[in-house]
Amino acid sequence: MPIDFNEIKEYLKEYDGPAMTLMEVCGSHTAAIAKYGIKAMLSDKIRLVSGPGCPVCVTPTAYVDRLIELALKENTRVVTFGDMIRVPGSSRSLGEARGDGAKVSMVYSPADTLKLAAKDPDTTFVFAAVGFETTTPAYALMLERMEKENIKNVQLLTALKTMPAVIDWLLGGGADIDGFIAPGHVSVITGSSAFIPAAEKYGLPFCVSGFRGEEILAAIYGLVKSRGQGRVLNFYPSAVTSVGSAEARNIVGRYFRPAAAAWRGLGEVPGSGLLLKDEYSEWDAGSAGLTEDVKKNSLCRCGEILSGKADPSDCPLFGKTCTPGKPMGACMVSQEGSCYHSYLNRVSDSEDSGDKR
Amino acid sequence: MCVATAGKVIEVRDDATALVDFDGNRVSAMTGLVKVSEGDYVLVHAGCVIQVLDEAEATSLNDLMREIEGL
């Protein structure tokens, strides 16, 4: 029987079954859910929470501190995606350190670093290589070029994360989640099958989703309908296959090895990251051991928010001392962050209700 | 850093990059992971083409729902 999209919308609005908490673990899903107002389209019985899927949000303070140290070092310049500039370190952000002479360039693609490096051979350019499975292949392609062209003045400071390991860790730690909107672009690389072990182990549905509003609603419908079943649905078949991209995984495997990784607010998670292999250590700007994670404000609840145990509005700092203009935690910094979007939605909600009065 | 929408390949270049158009905004992207041709719709992430979209797989809602209802 054909299903009309309106039926899905009506079903999700009227749903009165057992309460479900669904987690999305991709910054672009977080942003899309906010943009399309998905939360307002769901019954109160369906709660959406944002997991640790924004690469900037999960970077510990020790990593930011190390970037600042490098950017202040003689003949060294840090190159980064824009979001990273404002993430608080233990005492300040990379952007704030610019006032003291920290040298920082922003780029759109890591490969742009090689252009900068070619123009200025006396400077070492350190790329702030953060990201998940989707981003790491771009770093591997950059390393391949560096190897081929014998480029010596570029290094990476890595904070690379892998998704299945942290999901397993969250669920193993008792996170109260009934289903996952699986990350669309991570799945392009890993394949949807990467989530089968966790789905089966914990008896939960995963649904790989695209990024349009109707795709996300369809995925939520798929998860609600699959409640309590350990299975993986692929609702993004135009981009995602069961096996993913072997090419991408091969080139990543040539340069990187699995390692424990430190996640902001969560701590160290075994096997959830990647480091450069020992034979490529000349390209590593000191990435191992950056595990320290100091809260800028002890009341910050980023860690609980990233694991679905608290909503942004549960944090005493939210919207008061912590705002997008002056973020205390990384979730408020990034345009893929949970607190950032909750804050913007709250502002627009109050403007809406103001209009009605 | 993540562009959730697809862009169209305008030009494939010799240096393992392609020019990709996102609604008039054109960017250069690395093509080392997947083979691309002019006219392909691609996903670009961190300046790297990660996938060519398979239009034949742009399944309808009904096909997706069949997967659920078939339980």
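This is a predicted model: local features need pLDDT of at least 70, side-chain atom pairs count only at pLDDT 80 or more; totals for chains, interfaces and linings use all residues.
**Arg98(A).** With 15 C-beta neighbours inside 10 Å, Arg98(A) counts as partly exposed (buried means 20 or more other C-beta atoms within 10 Å of the residue's own, exposed 12 or fewer, partly exposed in between, with C-beta atoms placed from the backbone). I found Arg98(A) in the loop between α4 (94–97) and β4 (104–106) of chain A; helices (H or I, at least four residues) and strands (E, at least two) are DSSP runs, numbered from the N terminus. I then took the C-alpha to C-alpha distance from Arg98(A) to Cys26(A), which is 30 Å at a sequence separation of 72 residues.

**Helix α2(A).** Next I checked burial along residues 27–35 of chain A. Seven of the nine residues of this helix are buried, so α2(A) is largely enclosed by the rest of the structure. The buried ones are Gly27(A), Ser28(A), His29(A), Thr30(A), Ala31(A), Ala32(A) and Ile33(A). Just after α2(A), I noted a positive phi of about 65° at Gly37(A).

**Chain B against chain A.** I looked up contacts (C-beta atoms, placed from the backbone, within 7 Å) and found 26 residues of chain B touching 33 residues of chain A. On the chain B side, β1 (2–12), β3 (25–30), β4 (41–45), β5 (48–52) and α1 (61–69) each supply at least two residues. The most come from α1(B), with six. I sorted the residues on this side of chain B into 16 nonpolar, six polar and four charged; Ala, Val, Leu, Ile, Met, Phe, Trp, Tyr, Cys and Pro count as nonpolar, Asp, Glu, Lys and Arg as charged, and the others, Gly among them, as polar.

**Conventions.** Residues are numbered from 1 along each chain as its sequence is written, and chains are lettered from A in the order in which they are written. Local features need pLDDT of at least 70 and side-chain atom pairs 80 or more, while totals for chains, interfaces and linings use all residues.

How values were computed
Two residues are in contact if their C-beta atoms, placed from the backbone, lie within 7 Å.
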